[in-house]
Amino acid sequence: MARFQLSISNLSKNYGSRNILESISVNYSSGLIHGIIGANGSGKTTFFNCITRNSPSKGNISYPENLQMGYLPTELFMYPRISGTEFIQFCLSSKKIPFIKNEVNNLNQLFELPLDEYAETYSTGMLKKLYLLVLILEKNDILVLDEPFNGLDVNAVSYISELIKRLKEQGTLILISSHIILHLSSISDTLSFLENGKLQFIDNKSEFGELEKYIENKNLEKFKILQAISKAQRT
């Protein structure tokens with residue numbers, strides 16, 4: 001696959017008088033894993049909804065028109081009375097992609113999902129794996145993954161992380177959000193830190209530690225405040 005970029009220019013998003021994203025400009029290159037880090041409420045999901053055009057915004061978002069984008073949202077919807085296999089068939093048909101049973105079964109050796117059962121009975125982790133399985137079968141050029149590891153057990157986190165790395169090697173452009181920096185920095189080639197509507201882009205892995213330290217210090221300050229409150233309540 002030829003290299004390409006997802007280009008974002010002057011991206012802004014408001015909810016009423018509140019500025020969620022302010023004039024963000026950044027370029028993300030294919031064949032790399034781009035981690036998006038930020039506290040809860042920092043705008044990570046809003047950022048992804050703008051990129052995937054699920055939410056209107058100001059600014060410009062561009063990438064080659066012939067490329068396919070796949071999105072894993074944080075809130076996963078499932079139709080009632082539909083099996084895992086039927087969900088896969090529905091998603092693939094919507095993109096005019098053939099359902100190849102052997103390909104599905106081979107990939108499901110990794111995910112170990114009960115595809116003949118109703119997907120509405122799946123746990124949160126199983127449902128997330130089903131969505132990820134579909135995104136891989138779709139062979140998307142761009143993957144936007146919002147908190148993909150939440151709800152997964154340790155084994156699933158490990159093999160899905162490895163799978164994401166292999167997709168990167170095939171030239172896929174991958175965006176992954178998380179509020180847990182240690183795991184994200186271990187698999188990412190770049191980090192984008194969202195705070196107060198601004199985005200700090202770091203493309204040098206040797207500088208990831210500085211961001212980790214900054215976040216740790218902020219958490220330490222909050223811990224000191226909590227200690228002070230607890231001490232005041234005891235006196």
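**View 1. Ser42 and its polar contact with Ala39.** In this predicted model, the side chain of Ser42 reaches the backbone oxygen of Ala39 at 2.7 Å. You can find Ser42 in the loop between strand S3 (33–37) and helix H1. Is Ser42 buried or exposed? Ser42 counts as buried because its relative accessibility is 11%, and buried means under 20%. Leaving aside residues up to four places away in sequence, Ser42 touches Ile20 and Leu194.

**View 2. Helix H1, a mostly covered helix.** Follow the chain into H1, which spans residues 44–51. Seven of the eight residues in H1 are buried: Lys44, Thr46, Phe47, Phe48, Asn49, Cys50 and Ile51. After H1 comes Arg53, which has a positive phi, near 60 degrees. What does H1 lie across? The list is S3, S5, strand S6 (142–146), S7, strand S8 (190–195) and S9. Relative to S7, H1 runs at about 155 degrees.

**View 3. The six-stranded sheet.** Here you can trace an open sheet whose strands come in the order S5-S6-S7-S3-S8-S9, with mixed pairing. Which strands form the edges? They are strand S5 (69–72) and strand S9 (198–202), each of which pairs on one side only. From one strand to the next, the twist averages 15 degrees.

**View 4. S3 beside S7.** Zoom in on S3 and strand S7 (residues 173–178), which run parallel and are joined by five bridges. Helix H5 (residues 154–169) lies across S3, S6 and S7, and runs at about 150 degrees to S7.

**View 5. The largest nonpolar core.** This core has 46 residues.

**View 6. The neighbours of Leu145.** Not counting residues up to four places away in sequence, Leu145 touches Phe48, Leu72, Leu132, Leu135, Ile164, Ile174, Leu175, Ile176 and Ser177.

Key
Residues numbered from 1 in each chain as written. Predicted model: local features only at pLDDT ≥ 70, side-chain atom pairs only at ≥ 80, totals over all residues. Heavy atoms only, no water. Core = buried A, V, L, I, M, F, W, Y, C linked by side-chain atoms within 4.5 Å. Buried < 20%, exposed > 50% of the residue type's maximum accessible area, 1.4 Å probe, protein only. Contact = heavy atoms within 4.5 Å. Helix = DSSP H or I, 4+ residues; strand = E, 2+ residues; numbered from the N terminus. Polar contact = N/O pair within 3.5 Å; in protein donor to acceptor, adjacent residues only side chain to side chain. Pairing = 2+ DSSP bridges. Axes fitted to C-alpha atoms, helices over the stretch in contact; angles between N-to-C directions.
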